[in-house]
Amino acid sequence: MQNAIQTHLWAEELRLWTAGIEDFAKRLAPHCLMAFPGLGILRGAEIAASLENVPRWRTVQMTRQNLSEHHGAAVLAYRALAQRPGGEAYMAWCTSCWVPK
C-alpha cells in the first residue's frame, strides 16, 4: 500500500474520534460493526445514534499503529489514548476495517 494512502487512512480514522457526529455518520458503512464498553456490539445507524449526546474526543493519540492491506481492504490496529473536554483519559485497543466504496 502506498504511503499517501496510509496517511489518508490514519487521518480518516482520527476524524472518526474527533469530528462531529454528522461527519462521523457519513463515514460509516451501513453494515459496520463496533463494540463499545457498556453498550456491546452495535451496527450501522445504531452506532451514530449511540453517540448523539456524547461529547466528541478533544485529543486522541494513536500509538502502536499497524496496517494490513489485502485486495484493496485495509485493517488498522492501534492503541488509542483519548480525552474528552473536562474528562479523564481513556485507553482502548482498536481495530478498524476500511474497504473501497
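Let's start with the largest pocket: α1 (3-18), α2 (21-27), β1 (33-36), α3 (45-51) and β5 (89-98) each give at least two residues to its lining. Helices here are DSSP runs of H or I with at least four residues, strands are E runs of at least two, and both are numbered from the N terminus. A pocket is an open set of points on a 1 Å grid over the protein atoms alone, where a 1.4 Å probe fits and protein lies on both sides within 12 Å along at least five of seven lines; lining residues have an atom within 4 Å of a point.

Before going on, keep in mind that this is a predicted model, where local features need pLDDT of at least 70 and side-chain atom pairs count only at pLDDT 80 or more, while totals for chains, interfaces and linings use all residues. Residues are numbered from 1 along each chain as its sequence is written, and side-chain values use heavy atoms, with hydrogens and water left out.

Back to the pocket. About 1,100 Å³ of space lies inside, the volume being what probe spheres set on the points fill, with grid points joined across faces, edges and corners. The lining has 34 residues, and L16, F24, L28, C32 and M34 lie nearest the centre. β5 supplies the largest share, 8 residues. By type, the lining splits into 24 nonpolar, 4 polar and 6 charged residues (Ala, Val, Leu, Ile, Met, Phe, Trp, Tyr, Cys and Pro count as nonpolar, Asp, Glu, Lys and Arg as charged, and the others, Gly among them, as polar).

β5 also leads us to the sheet. Three strands form an open, antiparallel sheet in the order β3-β4-β5, where two strands pair if DSSP finds at least two bridges between them. β3 (59-70) and β5 are at the edges with a single partner strand each, so one side of each has no neighbour in the sheet. On average, neighbouring strands are turned by 10° against each other, direction ignored. α1 packs on this sheet and touches β3, β4 and β5, its direction making about 135° with that of β3. Contact means heavy atoms within 4.5 Å, and such angles run from 0 to 180 degrees between N-to-C directions, with axes fitted to C-alpha atoms, for helices over the stretch in contact.

Now follow the strand pairs. β3 and β4 are joined by 10 bridges; S68 stands opposite V75 in β4, and Q61 has L81 as its bridge partner. Between these strands the hairpin has 2 residues, and H71 takes a positive phi near 55°. Another 10 bridges join β4 (residues 73-83) to β5, with L81 standing opposite M91. That hairpin has 5 residues between the strands, and G86 takes a positive phi near 75°.

Leaving aside neighbours within four places in sequence, R58 is in contact with Q83, R84 and P85.

Finally, the salt bridges: there are 4, each a side-chain nitrogen of Lys or Arg within 4 Å of a carboxyl oxygen of Asp or Glu. One of them pairs E12 with R27, the closest N and O atoms being 2.5 Å apart. E12 lies in helix α1 and R27 in helix α2, so the pair ties together parts 15 residues apart in sequence.
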